[in-house]
Amino acid sequence: MIIGGGKIAYRKTSSLISEGAMVTIISPEVCPEIENLAIEGKIKRKKRYPLEDDFKNAFYVIAATNDEQINAEITTKLEKTKLVLNASSVDKGNCHVPASFKKGKLLLTVSTSGASPMLAKKIRDQWSAVYDDNFGKYVDFLYEARGKIKQLNIPSARKKHLLQEIIDEKYIDSMENRQFFLAVLKTFNSC
């Protein structure tokens, strides 16, 4: 549940729905982006101020109004029974959301524990330049190879060696090397 309807509420909403969360926005006014999400049926929207009953079944609440006092009141009221993020003052809630970056199965997060969300975003953006789509595919290869290695009927020391092998840099940028490694794994099953 997100209380507030501005740009910060929209950013928080976007990241939550991208991970499959069911989000309810409660605010008398919302930005056009949030209105569009409601029209598309991606979120529930209540055009009003929050009521006491609204919080009863909420698991996670983000206080993201443009009024620091309202955010503080919501946080104080709920922090003993709910996960609460205060968008005005991260140190006043009982949880926070780190800046994150995802490519395939690779998920990197960074937090400054509220000291500087802008620095966390800057680091996340630097990571996104380093860990591109190819790196995401490399992590997908690691996932596939690890699954196959675990199924092999070989000594655990040999499995460990193979798992160490696949994190060698030669597999990061070479699809050919990845395919060769997976083909070699098939020969283990025929022995």
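Cysteine pairing was considered at the outset. A disulfide is a covalent bond between the sulfur atoms of two cysteines. With a pair of cysteine sulfur atoms required to lie within 2.5 Å, the count of disulfides in the predicted model comes to zero. C31 has a relative accessible area of 9% and is therefore classed as buried, the cut-off being under 20%. C95, with a relative accessible area of 17%, is likewise buried because its value falls under 20%.

Two packed helices are described by the angle between their axes and the distance between the axes. For helix α1, which spans residues 7-18, and helix α2, which spans residues 32-39, the axes come within 9 Å and cross at roughly 40°. The contact is formed by K7, A9, Y10, T13 and I17 on the side of α1 and by E33, I34 and L37 on the side of α2; by class, these comprise five nonpolar, one polar and two charged residues.

Helix α1 also takes part in the largest pocket, to whose lining α1 gives the most, with seven residues. The space in this pocket amounts to about 1,000 Å³, and of the 34 residues that line it, K12, S15, V97, P98 and A99 are the closest to its centre. Two or more lining residues come from each of α1, β5 (83-86), β6 (99-103), β7 (106-110) and α4 (117-130). Divided by class, the lining of the largest pocket holds 15 nonpolar and 13 polar residues, together with six charged residues.

Conventions
Residues numbered from 1 in each chain as written. Predicted model: local features only at pLDDT ≥ 70, side-chain atom pairs only at ≥ 80, totals over all residues. Heavy atoms only, no water. Buried < 20%, exposed > 50% of the residue type's maximum accessible area, 1.4 Å probe, protein only. Axes fitted to C-alpha atoms, helices over the stretch in contact; angles between N-to-C directions. Helix = DSSP H or I, 4+ residues; strand = E, 2+ residues; numbered from the N terminus. Contact = heavy atoms within 4.5 Å. Nonpolar A, V, L, I, M, F, W, Y, C, P; charged D, E, K, R; others polar. 1 Å grid on protein atoms, 1.4 Å probe; cavity = no way out; pocket = protein on both sides within 12 Å on 5 of 7 lines; lining within 4 Å. Points joined across faces, edges and corners; volume = space filled by probe spheres on them.
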